[in-house]
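The following paragraphs lead the reader through one protein model, from its overall build to individual residues. Please keep the sequence and the structure in view while reading.

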Amino acid sequence: MKIRTLQADDVERLLEFELENRSWFEQHVEARDPSFYSHAGVAAHIADYLSSHATGAMHPCVLTSDDGTAIIGRANLRHINRDTGTGEVGYRIAHSEARKGLASGALMHLQELARTQYGLRILNAWISEQNAGSRRVMDKCSFTRDALAAPVVVQVNGADHASHLYQCRL
């Protein structure tokens, strides 16, 4: 696996990744708007993310196969706030690549970016209590659940899921 910053020419690879894994992702996280799943939708998504990257508000990454031809995951450092020293992380790993340590590797990459490139001190992540895999990744990467933060309820596969705040001090 390689990890790099998202690029404008990733449209076809990213669309293929998202389409191939749509039902897998929608078992674990809130579904994307159907308009996302088109060439124009993904191109607009990438343009938005790269615009936010240019302003320093986020750092979007993709995980690729060793030869770089296929996207096998995504990892984003977003809501970067240098004044408060905080940011938020999120990731998606292809179903075929699950349980291979890629999420942990991607999260460690984001922690390093947050610390060295952006000078952040605290990272946040919102994890559904039903998402056991992501809870394990949080534990492995030194995130702890904030017991005082109120959960946020999202719709996952037609059901309400409570997402809890996890934090990591860098």
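**From the whole chain to single residues**

Of the 170 residues in the protein chain, 45% are buried, where buried means under 20% relative accessible area, exposed means over 50% and partly exposed lies in between (1.4 Å probe, protein chains only). The model is a predicted one, in which local features need pLDDT of at least 70 and side-chain atom pairs count only at pLDDT 80 or more, while totals for chains, interfaces and linings use all residues. Residues are numbered from 1 along each chain as its sequence is written, and side-chain values use heavy atoms, with hydrogens and water left out.

The protein chain contains 4 helices and 8 strands; these are DSSP runs numbered from the N terminus, with helices being H or I of at least four residues and strands being E of at least two. Their order from the N terminus is β-α-α-β-β-β-α-β-α-β-β-β. The radius of gyration is 15 Å, close to the 15 Å that the globule rule gives for 170 residues, so the protein chain is as compact as a globular protein of that length. This radius is taken over C-alpha atoms, and the rule is 2.2 Å times the number of residues to the power 0.38. Along the principal axes, the C-alpha atoms fill a box of roughly 40 × 35 × 30 Å.

The interior may be considered next. In soluble globular proteins, nonpolar side chains tend to be buried together. A nonpolar core is here a set of buried Ala, Val, Leu, Ile, Met, Phe, Trp, Tyr and Cys residues joined through side-chain atoms within 4.5 Å. The largest such core has 27 residues, of which L77, V89, M138 and F143 touch the most other members. Several elements each supply at least two residues of this core, including strand 3 (71–81), strand 4 (86–93) and helix 4 (132–140). Helix 3 gives the most, with 7 residues. Leaving aside neighbours within four places in sequence, L77 has contacts that include V89, L110, L113 and L123. A second, separate core of 15 residues includes L6, F17, V42 and Y49.

F17 belongs to helix 1 (residues 11–26) and is buried, with a relative accessible area of 2%. In sequence F17 and I72 are 55 residues apart, yet their C-alpha atoms are 6.7 Å apart in space. Not counting residues up to four places away in sequence, F17 touches I72, R74, R92 and I93, among others.

H45 is placed in helix 2 (residues 39–54) and counts as buried at 11% relative accessibility. Beyond residues up to four places away in sequence, H45 touches L14, R32, F36 and R74.

Strand 3 holds N76, which counts as buried at 7% relative accessibility. With residues up to four places away in sequence not counted, the residues that N76 touches include Y49, H59, V89 and L110.

Not counting residues up to four places away in sequence, T86 touches H79, I80, N81, L120 and I122.

Conventions
Contact means heavy atoms within 4.5 Å.
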